[in-house]
Amino acid sequence: MALFKKKDIPQSIVDLSSLNLPTHVGIIMDGNGRWAKKRGLPRSAGHTAGAQTFRKIARYASNIGIKYLTVYAFSTENWKRPGVEINALMRLFKDYLNEGLRDFRDDSIVLKFIGDRSAFSKELIELMDENEEISKDRDGMVCNIAVNYGGQDELIHAFKDISEQIESGELSPEDITKELVSDHLYTKGQPDPDLIIRPSGEHRTSNFLLWQSAYSEFVIMDILWPDFKESDFDLALQEYNNRNRRFGGI
């Protein structure tokens, strides 16, 4: 995993015409709380700034030709945070969903929400459904927003679904393959991520796309998510192009 510090990032944007762009990019949107703390602001201010960065980067990724983008917005473990922060996040999520119905209406981006929705309020679930319904026929980038998502939890759901099909006689144990498991994940029908970007400098996957990221290239960047810019995205794409992807071969 490569770690890039802010001083290493050039001011000019990389010439993308010379790059082989990844089909699917994942981003662990990390560092909102630390960004706010550095500025003497409440953590909720960092999440608000992070949401603005997401909109900017999602549109940029779509415009340059990325086909799939998966962003880690709220994990299954994030419920452990203080109640006041959770409440602020839910209010922000509601605002984002309402804004999405307006702001993304003229975009070509297809919005999908992956994760266990059952923990959210009826209002939030309906807003997620509405955003997906409105955007489903668009022909641009697919943007997966991972909410109440955890890679381990996703695999448990998949294994339960498969075991129920075995019990009902629809499947036999011999039918279990990598492809079958993939078909029971939230990202069914999508290619696995080629590149996963983690701002904030942390060196861990944090339970993000555990199955799908088996051969993803990771780029760790010492930049807090609210400060992440298009030029940072370009640098990650450039580093991805410098990798020799062997997928276990020579």
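How many salt bridges does a search of the whole structure find? The search finds 14, where a salt bridge is a side-chain nitrogen of Lys or Arg within 4 Å of a carboxyl oxygen of Asp or Glu. This is a predicted model, in which local features need pLDDT of at least 70 and side-chain atom pairs count only at pLDDT 80 or more, while totals for chains, interfaces and linings use all residues. Residues are numbered from 1 along each chain as its sequence is written, and side-chain values use heavy atoms, with hydrogens and water left out.

Select Arg198 and Asp30 next, whose side chains form a salt bridge at 2.8 Å, N to O. Arg198 and Asp30 are both buried (under 20% relative accessible area with a 1.4 Å probe, protein chains only; exposed is over 50% and partly exposed in between). Extending the selection to Arg34, Glu202 and Arg204 shows a network of salt bridges that also includes Asp30 and Arg198.

Move on to Asp107 and Arg59, which meet in a salt bridge of 3.2 Å, N to O. Asp107 is partly exposed, with a relative accessible area of 21%, and Arg59 is partly exposed as well, at 26%.

Finally, select Arg117 and Glu132, a salt bridge whose closest N and O atoms are 2.6 Å apart. Arg117 lies in the loop between strand 4 and helix 4, and Glu132 in helix 4, so the pair ties together parts 15 residues apart in sequence (helices, H or I of at least four residues, and strands, E of at least two, are DSSP runs numbered from the N terminus).
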